Amino acid sequence: DVFDLQDKVTEAVVAAIAPGVREAEMARAVAKRPESLTAYDRFLKALAKVNQARLREAIEEIDAAIEAAPGYARALALRAWLYTLQDAWVGDADLEGRARAAGALALRALAEAPGDVEIMAYAGYPLCFFGVEVERGMALVRAAAERSPSFAWAWSSLGMLEMLQGSDLAFAEACADRALRLSPRDPLAFRNLITKSRVFEETGRHAEAVEIARDGQRMRPGLAVLHVIETRNLVVLGRMEEAREAARRLLDWIPGFRAAPFAMHHRKFRGYHWDTERFTETLVAAGLPE
């Protein structure tokens, strides 16, 4: 019991301190004059932009970091991960092109610094997400979480991948809950709510999926995947008026959204057991264009 208590104390201390340390680093980098920015400063500024949901600006910053230091493994790994956000956050086209680019960057990052836990997590995620090297990517993120039990981002990402691959939904939910405990004020905590809402959807807890998806939208409005989860589950529940309203909100945020391409993109994940045609029909029934 002593060792268990020690682990809990460590987790609590890290949850209280670590996010503040990284936030302070990011604030210092953001306050720097442009001419004095290092590649590491650019890396931190990119993280700050991600936390603000300013994805295009985050990409600009990390691209500048890589240009300044082409072998900077953390920047390469982060850039690889940002490609996955273009899929889930804004529904960009050219999935195959993003998959190739992300895979190449992730492998470069791992070659530069194969034992770095943060790089393992950032690079492993896109390898699995895009299906480049699914098992290796999953193993890298799992190893990062296990080697650094207080690394909230790794637990969040492991939960997301477990959910997407459908390998262990109960464990996916547990990972999301652990990440929320480790970093309750994390600006990216909505990622854990995406995981939980999809687990609820997959296990038939549709009303809970709607509520969790709405919680996620309050944290980060405008994310395609959260609006889709809400809309889809409302249709399944027969709450059509609410489903049509959810669909309208999605189109307000992403006017170019189309149901069929979204469904086809997500078929690449093992854990998405839906019939693509039926899934598309469900979203169209709520008023979303095919």
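**Helix packing and its surroundings**

Modeller: Helix H9 (residues 169-182) packs with helix H10 (residues 190-202) at an angle of about 155 degrees, and their axes are 9 Å apart. Axes are lines fitted to C-alpha atoms, for helices over the stretch in contact, with angles from 0 to 180 degrees between N-to-C directions. H9 is therefore roughly antiparallel to H10 (under 35 degrees is roughly parallel, over 145 roughly antiparallel, 65 to 115 roughly perpendicular, the rest oblique). Helices (H or I, at least four residues) and strands (E, at least two) are DSSP runs numbered from the N terminus.

This is a predicted model, in which local features need pLDDT of at least 70 and side-chain atom pairs count only at pLDDT 80 or more, while totals for chains, interfaces and linings use all residues. Residues are numbered from 1 along each chain as its sequence is written, and side-chain values use heavy atoms, with hydrogens and water left out.

The loop between helix H2 (39-51) and helix H3 (55-68) holds Ala53. The phi of Ala53 is near 65 degrees, a positive value in a residue other than glycine. Most residues other than glycine have a negative phi. With a relative accessibility of 32%, Ala53 counts as partly exposed (buried is under 20% relative accessible area, exposed over 50%, partly exposed in between; 1.4 Å probe, protein chains only). Within H2 itself lies Arg42, which is partly exposed at a relative accessible area of 24%. Along the chain Arg42 and Glu60 are 18 residues apart, and their C-alpha atoms are separated by 9.2 Å.

The aromatic side chains come next. The whole structure contains 10 aromatic pairs (rings of Phe, Tyr and Trp, the last by its six-membered ring, with centres within 6.5 Å; planes under 30 degrees apart are stacked, over 60 edge-to-face, the rest tilted). In one of them, the ring centres of Tyr122 and Trp153 are 4.3 Å apart and the planes stand at 45 degrees, so this pair is tilted. Because Tyr122 belongs to helix H6 (residues 117-129) and Trp153 to helix H8 (residues 152-165), the pair ties together parts that are 31 residues apart in sequence. Both Tyr122 and Trp153 are buried. Ring pairs join these two to Trp81, Tyr125, Phe129, Phe130 and Phe151 in a cluster. Over the ring of Tyr125 sits the charged end of Arg191, 5.4 Å from the ring centre (CZ of Arg or NZ of Lys within 6 Å of that centre and within 35 degrees of the ring normal). The charged end of Arg79 likewise sits over the ring of Tyr83, 4.0 Å from its centre.

Two further helices complete the account. In helix H15 (residues 276-285), the buried residues include Thr276, Phe279, Thr280, Thr282 and Leu283. Viewed down the axis of H15, its buried residues fall within an arc of 155 degrees, so they line one face of the helix; the arc is that of the directions from the helix axis to the C-beta atoms. After H15 comes Gly287, with a positive phi near 110 degrees. Helix H11 (residues 206-219) contains Val210, which counts as buried at 0% relative accessibility. The C-alpha atoms of Val210 and Leu234 are separated by 6.9 Å, although these residues are 24 residues apart along the chain.
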